[in-house]
There are 2 protein chains.
Amino acid sequence: MATKLSKGKKLAKTPVRKIVKAKKVSTVFKPTKLKLLRPVPSDIEIAQAAKLKPILQIAKELGVRENEIELYGPYKAKIKLEILERFKNKPNGKYIDVTAITPTPLGEGKTTTLVGLAQALGAHLGKKTIAAIRQPSQGPTFGIKGGAAGGGYSQVIPMEDFNLHLTGDIHAITAAHNLVAAALDARVMHEKMQDDEKLFNALCPPDKKGKRKFSPSMLRRLKKLGIPKTNPSDLTPEERVRFARLDIDETTITWRRVIDVNDRFLREIEVGRGKDEAGHAHMSGYDITVASEIMAILALTVSLEDMRARFGRMVVATNKSGEAVTAEDLGVAGAVTVLMKDAIKPNLMQTLEGTPATVHAGPFANIAHGNSSIIADMIALKLVGKDGFVLTESGFGADIGMEKFFDIKCRYSGLIPQVVVLVATIRALKMHGGGPKVVAGKPLPAEYTDENLDLLRAGLPNLERHIENALKFGVNVVVAVNSFITDTPAEVELVRAAALKMGATDSVVTTHWADGGKGAKALAEAVAKAAEMPSRFEFLYDAEGPIKEKIETIAAQIYRADGVDYTPEAEEQIARYIRLGFDRLPICMAKTHLSFTTDPTKKGAPTGFRITVREIRASVGAGFLYPILGDMRTMPGLPTRPVFYDVDLDLRTGRVIGLI
Amino acid sequence: MATKLSKGKKLAKTPVRKIVKAKKVSTVFKPTKLKLLRPVPSDIEIAQAAKLKPILQIAKELGVRENEIELYGPYKAKIKLEILERFKNKPNGKYIDVTAITPTPLGEGKTTTLVGLAQALGAHLGKKTIAAIRQPSQGPTFGIKGGAAGGGYSQVIPMEDFNLHLTGDIHAITAAHNLVAAALDARVMHEKMQDDEKLFNALCPPDKKGKRKFSPSMLRRLKKLGIPKTNPSDLTPEERVRFARLDIDETTITWRRVIDVNDRFLREIEVGRGKDEAGHAHMSGYDITVASEIMAILALTVSLEDMRARFGRMVVATNKSGEAVTAEDLGVAGAVTVLMKDAIKPNLMQTLEGTPATVHAGPFANIAHGNSSIIADMIALKLVGKDGFVLTESGFGADIGMEKFFDIKCRYSGLIPQVVVLVATIRALKMHGGGPKVVAGKPLPAEYTDENLDLLRAGLPNLERHIENALKFGVNVVVAVNSFITDTPAEVELVRAAALKMGATDSVVTTHWADGGKGAKALAEAVAKAAEMPSRFEFLYDAEGPIKEKIETIAAQIYRADGVDYTPEAEEQIARYIRLGFDRLPICMAKTHLSFTTDPTKKGAPTGFRITVREIRASVGAGFLYPILGDMRTMPGLPTRPVFYDVDLDLRTGRVIGLI
């Protein structure tokens with residue numbers, strides 16, 4: 001089962017001949033000097049004015065050999081998995097998770113802080129450091145949110161490449177996911193239209209010499225069915241039917257379609273309304289691609305072999321006897337693997353100060369687990385070595401992204417984190433203290449720009465609870481106050497005192513947005529110090545435990561809910577998963593990132609509330625159960641004036657304009 | 001208007017500084033030696049056993065400088081458009097179109113012949129030759145058809161990269177096309193839900209200082225509306241409404257969605273069935289991505305500037321006053337351009353014998369124009385130079401792919417072809433002579449494998465008509481008989497005599513599938529000779545003429561129909577296009593590739609039939625009108641056992657297996 005993965009050991013089997021012969025490469029790191037302008041220009045102006053090192057040089061500085069990467073143009077590369085074999089006996093670097101307090105709808109600069117911290121550690125403290133961040137979703141890039149490459153003088157570049165297509169990983173997921181959807185609907189229709197003999201003949205047609213052959217995936221299905229035969233002609237009529245009819249119960253289909261565009265009209269659709277599909281129309285719908293189980297698998301897998309096995313385990317429906325029907329049963333898991341064979345390789349880019357960054361998998365910690373990939377972190381930890389640092393990002397607030405990082409990602413990777421960097425802003429804390437509503441695109445009310453210690457003090461419990469939560473996992477906590485020009489010394493000191501009182505190792509103000517790595521030097525020193533202090537990482541719950549116990553542990557320990565209620569649908573699903581043996585999986589909660597509760601308007605550190613599990617999906621391939629709390633949207637929409645209005649190509653220079 | 005494009009001259013404006021400084025590179029071509037095995041192994045076995053040259057070497061051998069390409073791994077690269085500036089005064093090479101007679105459903109080996117011919121010219125006759133082929137659609141790769149990299153010892157490699165993702169061009173089209181769809185549906189909904197003031201405020205919100213700003217695309221819309229203002233605050237209330245309300249007539253929406261997966265259940269769908277879109281549900285549907293107007297534009301554009309302008313002209317619907325609503329009006333044309341900025345660069349790969357191939361845009365000559373890109377051909381013709389050859393592919397039979405190559409592609413490119421290579425097989429000719437039905441996956445009946453001169457003779461009129469058609473365009477015709485082991489000397493001679501009698505310059509048997517370039521040496525010599533003979537290329541019709549006249553010219557001259565009928569819907573559309581000024585565009589017929597007629601069962605050279613234009617779409621951005629003849633499917637389906645059943649990754653070697 002998924003919880004017993006070999007944690008990367010299987011990589012040893014991939015061929016490494018070519019790599020062994022390669023020449024030694026130089027590893028002298030040359031930081032890129034920043035020229036800090038005032039006022040700070042727009043993100044895209046800074047990014048486009050930046051000096052880029054060839055990505056080959058970034059790779060060489062990291063000790064990556066030329067034949068261990070694949071170039072995608074001069075500034076992006078994919079790192080081959082074979083590199084893990086060469087480094088297998090090398091110790092890992094320090095593993096740092098960057099997360100945040102409960103954010104305002106504007107976000108509190110988590111990626112920006114991570115990148116600034118990487119620039120500080122790498123370019124200012126001389127530590128080998130990799131920023132391990134997530135590929136953004138292209139949908140929101142053109143919608144409200146814009147890109148996700150960091151901001152100001154702390155960015156990953158080229159920002160256009162980062163935000164658009166990158167090396168095609170998300171496109172590969174879209175293609176693979178939708179191939180499964182097409183295979184599923186076509187199969188249901190073909191089974192309804194063909195009698196047993198026709199169906200078997202269509203699946204195993206005789207070739208020109210009259211011989212029939214099973215595909216490897218068919219042999220796997222036969223094994224699952226307990227039919228120990230390899231020649232189609234040997235099957236009894238009854239075995240033929242059992243093999244050929246998946247007998248899918250259409251009411252149980254859970255596999256939807258995905259697209260990386262904010263298309264709200266695809267949320268719920270009726271498919272098969274054409275005349276050739278008459279009588280087979282049914283409901284379906286689209287999620288944003290990053291919410292795909294295939295994305296979750298990309299982020300959580302530890303090797304090609306493991307990825308193949310996980311794709312085979314993806315459950316798309318149950319049959320009329322209540323048994324799970326998988327992508328393997330559809331015969332499509334191999335094709336999905338082939339479509340994803342390049343996507344599994346992490347992407348290498350650079351920060352504005354020429355330090356390395358891996359970009360791989362996983363945004364959307366509310367509706368997914370929202371972490372960058374295990375594979376990228378595994379490689380990065382080896383590349384930086386014992387004295388180096390890997391800064392990995394978990395999405396949104398620590399109640400969701402960080403909890404999933406520890407309980408899901410670290411469980412599957414076996415990698416041990418030492419420090420959590422908790423990003424906070426005075427703005428967000430004032431909001432938690434009861435400040436007026438913060439709305440994207442609207443000017444901030446005066447409460448946020450003038451000193452207001454009472455409001456700030458009232459918001460501190462949100463920070464305190466996140467610190468307390470992180471400490472429960474046995475790691476050290478450093479608070480990073482991502483500063484605004486309007487923050488006052490008294491405000492910053494108030495936060496610091498509260499953080500230290502709650503048990504944080506340190507609380508440091510950073511100005512990396514305006515100053516690049518230099519502005520995060522104090523934070524870097526605090527993080528380096530915290531990484532040397534003792535820590536004793538542990539999971540919050542036992543994955544082998546009962547489903548409700550796991551959900552309730554997270555609800556009580558992290559969200560601080562008084563209890564959990566389940567809809568009848570969720571109760572039914574729990575019973576089904578127990579029956580199918582899917583109950584021994586970790587939990588990936590789908591919950592708003594705007595509150596500890598399931599109500600996005602409840603700020604601060606609420607108590608005296610319960611949560612309701614509306615529905616539980618099983619991502620058996622990814623290896624988690626996915627309870628949906630409240631009304632979670634899995635497909636964003638577009639506003640009346642989306643970001644795309646301003647995006648264009650400057651035909652004179654060939655440059656992208658208007659991306660934010 | 002689209003018919004008056006500057007044919008590439010505008011490229012001069014893109015910056016070229018960096019390129020001028022680059023060093024001279026060696027151009028000595030080293031063919032890759034083939035080891036021909038018997039029996040001929042499977043395509044994927046041959047492809048995976050092949051020796052690959054680094055793509056950088058291929059580029060250098062062509063005279064492309066290192067900074068004029070962008071690597072995508074070691075064996076694929078994109079060629080930058082700036083190269084055209086460096087070569088602008090160099091003469092073009094010989095321009096050869098490879099097309100075919102009306103094929104069987106199995107295809108007659110057009111790509112394979114093109115690749116074999118390129119190997120022969122390049123590796124055996126020492127001519128600088130580029131195979132300019134099309135990127136295959138991934139949908140059919142996993143459906144019935146399999147890949148499209150050629151076959152046997154005439155293939156473009158690596159075949160996995162060729163058939164899967166390539167460098168992401170089709171994924172970029174999918175993303176761009178669906179962004180327009182999402183923008184359109186969201187806009188219609190937002191207009192219905194907001195009053196005039198709210199709508200204007202949402203489109204031009206005041207910033208933090210209370211200032212409003214138009215985006216560049218909004219300024220373009222204002223210009224179109226004849227409102228000569230640049231400050232939103234200066235608009236009168238009436239002008240605000242005219243600017244902000246696109247006022248789309250929902251019944252006229254022609255923009256669908258696209259996906260590169262064979263998902264028949266998406267052919268016709270009802271979108272907006274979610275509770276948040278209640279009251280706004282409506283019909284939509286998916287076409288396969290390669291049928292997208294954006295794909296057509298990619299293939300037909302001549303520069304970045306031209307591509308941007310074409311994206312702006314794409315019509316998505318008309319408003320309630322009957323005026324066209326474009327992607328520019330939606331504000332999305334700039335974002336589409338940005339998404340396509342890398343896709344416009346042709347991809348460079350290699351054949352099994354180490355000769356260069358460009359792979360760019362356009363399959364599906366039945367439901368699209370089905371030609372590889374103008375940009376790729378423009379670059380290739382410069383790279384091979386005066387004595388070199390560019391072999392470009394036009395899809396399916398010459399009645400559709402070749403006609404569109406001449407009348408649409410050559411019209412927009414201004415490039416002059418000299419020779420048409422018409423690929424024929426004895427098998428297809430026998431089918432046209434009345435042979436039994438040819439079905440994919442089923443053994444061929446004896447008529448096709450035994451000598452049968454009567455059947456063959458009866459089928460020759462199909463070949464003769466295609467030759468006659470090609471000659472109407474004033475080019476020289478060489479017939480290539482793509483040979484099977486079962487073809488007899490008498491059969492081949494019968495074809496040759498008929499071809500010469502019809503005016504072909506030559507008719508040559510090729511064995512490139514089994515023998516690689518060596519097997520197409522005679523064909524190469526015939527083509528080289530034909531390219532030296534006089535030719536006088538001309539279009540079949542005047543694009544400025546009336547719509548019906550153009551349609552009827554193609555129907556009479558190429559298909560040999562007695563006449564054309566129009567449904568009331570088509571009549572209405574013609575009237576609308578005349579009113580909107582869209583009538584002066586060339587014609588891109590959507591017609592079955594399996595017959596000269598619109599009935600796929602009518603083989604040979606039918607006469608005494610009429611065709612019906614069911615519907616005419618306007619691809620104003622691509623620059624053609626798109627009449628749909630008969631019941632054309634724009635989204636394929638999956639069979640019960642699709643190709644994907646056999647596709648998997650060999651985890652021991654990391655290699656793809658089962659691709660065909």
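**Exercise 1. A salt bridge within chain A**

With which residue does A:D287 form a salt bridge, and how far apart are the closest N and O atoms? Locate both partners in the predicted model and state whether they are buried or exposed.

*Solution.* 
Step 1. The partner of A:D287 is A:R256, and the closest N and O atoms are 3.1 Å apart.
Step 2. A:D287 belongs to strand β10 (residues 286–288) of chain A, whereas A:R256 sits in the loop between α11 (237–244) and β7 (257–259) of chain A; the pair therefore ties together parts that are 31 residues apart in sequence.
Step 3. Both A:D287 and A:R256 are buried.

**Exercise 2. The surroundings of A:H177**

Determine where A:H177 is found, whether A:H177 is buried or exposed, and which residues A:H177 touches.

*Solution.* 
Step 1. Helix α8 of chain A contains A:H177.
Step 2. The relative accessibility of A:H177 is 6%, so this residue counts as buried; the cut-off for buried is under 20%.
Step 3. Not counting residues up to four places away in sequence, A:H177 touches A:W255, A:R256, A:R257, A:V258, A:S292 and A:I294.
Step 4. With one of these, A:S292, the side chain of A:H177 makes a polar contact of 2.8 Å.

**Exercise 3. The nonpolar core**

Identify the residues with the most contacts inside the largest nonpolar core, and list the contacts of A:F243.

*Solution.* 
Step 1. The largest nonpolar core has 431 residues.
Step 2. Those with the most contacts inside this core are A:F243, A:M340 and A:L463, together with B:F243, B:M340 and B:L463.
Step 3. Leaving aside neighbours within four places in sequence, the residues in contact with A:F243 include A:F200, A:L203, A:F214, A:M218 and A:L235, and also A:R187 and A:R221.

**Exercise 4. The interface of chain A and chain B**

Describe the area buried between the chains, the residues that take part and the salt bridges across the interface.

*Solution.* 
Step 1. About 7700 Å² is buried between chain A and chain B, 64% of it on carbon and sulfur atoms. A:F265, A:T640 and A:Y645 supply 11% of the area that chain A buries against chain B, more than any other three residues.
Step 2. Each side is accounted for separately: 89 residues come from chain A and 89 residues from chain B.
Step 3. The rule finds 18 salt bridges across this interface. Helix α8 (residues 169–193) of chain A gives twelve residues, the largest share of the side of chain A that touches chain B.
Step 4. One salt bridge brings together the side chains of B:E277 and A:R267 (2.7 Å, N to O). Both residues belong to a network of salt bridges whose members also include A:R264, A:E615, A:D631 and B:K275.
Step 5. Another salt bridge links A:E270 and B:R273, with the closest N and O atoms 2.9 Å apart. A:E270 lies in strand β8 (residues 269–271) of chain A and B:R273 in the loop between β8 (269–271) and β9 (282–284) of chain B, so the pair joins two chains.
Step 6. A:E270 is buried, with a relative accessible area of 16%, whereas B:R273, at 37%, is partly exposed.

Methods: Residues are numbered from 1 along each chain as its sequence is written. Chains are lettered from A and ligands numbered from 1 in the order in which they are written. This is a predicted model: local features need pLDDT of at least 70, side-chain atom pairs count only at pLDDT 80 or more; totals for chains, interfaces and linings use all residues. Side-chain values use heavy atoms; hydrogens and water are left out. A nonpolar core is a set of buried Ala, Val, Leu, Ile, Met, Phe, Trp, Tyr and Cys residues joined through side-chain atoms within 4.5 Å. Buried means under 20% relative accessible area, exposed over 50%, partly exposed in between (1.4 Å probe, protein chains only). Contact means heavy atoms within 4.5 Å. Buried area is the accessible area (1.4 Å probe) that two parts lose on being put together, summed over both. A salt bridge is a side-chain nitrogen of Lys or Arg within 4 Å of a carboxyl oxygen of Asp or Glu. Helices (H or I, at least four residues) and strands (E, at least two) are DSSP runs, numbered from the N terminus. A polar contact is a pair of N or O atoms within 3.5 Å; within protein, one must be able to donate a hydrogen and the other to accept it, and residues adjacent in sequence count only if both atoms are side-chain atoms.
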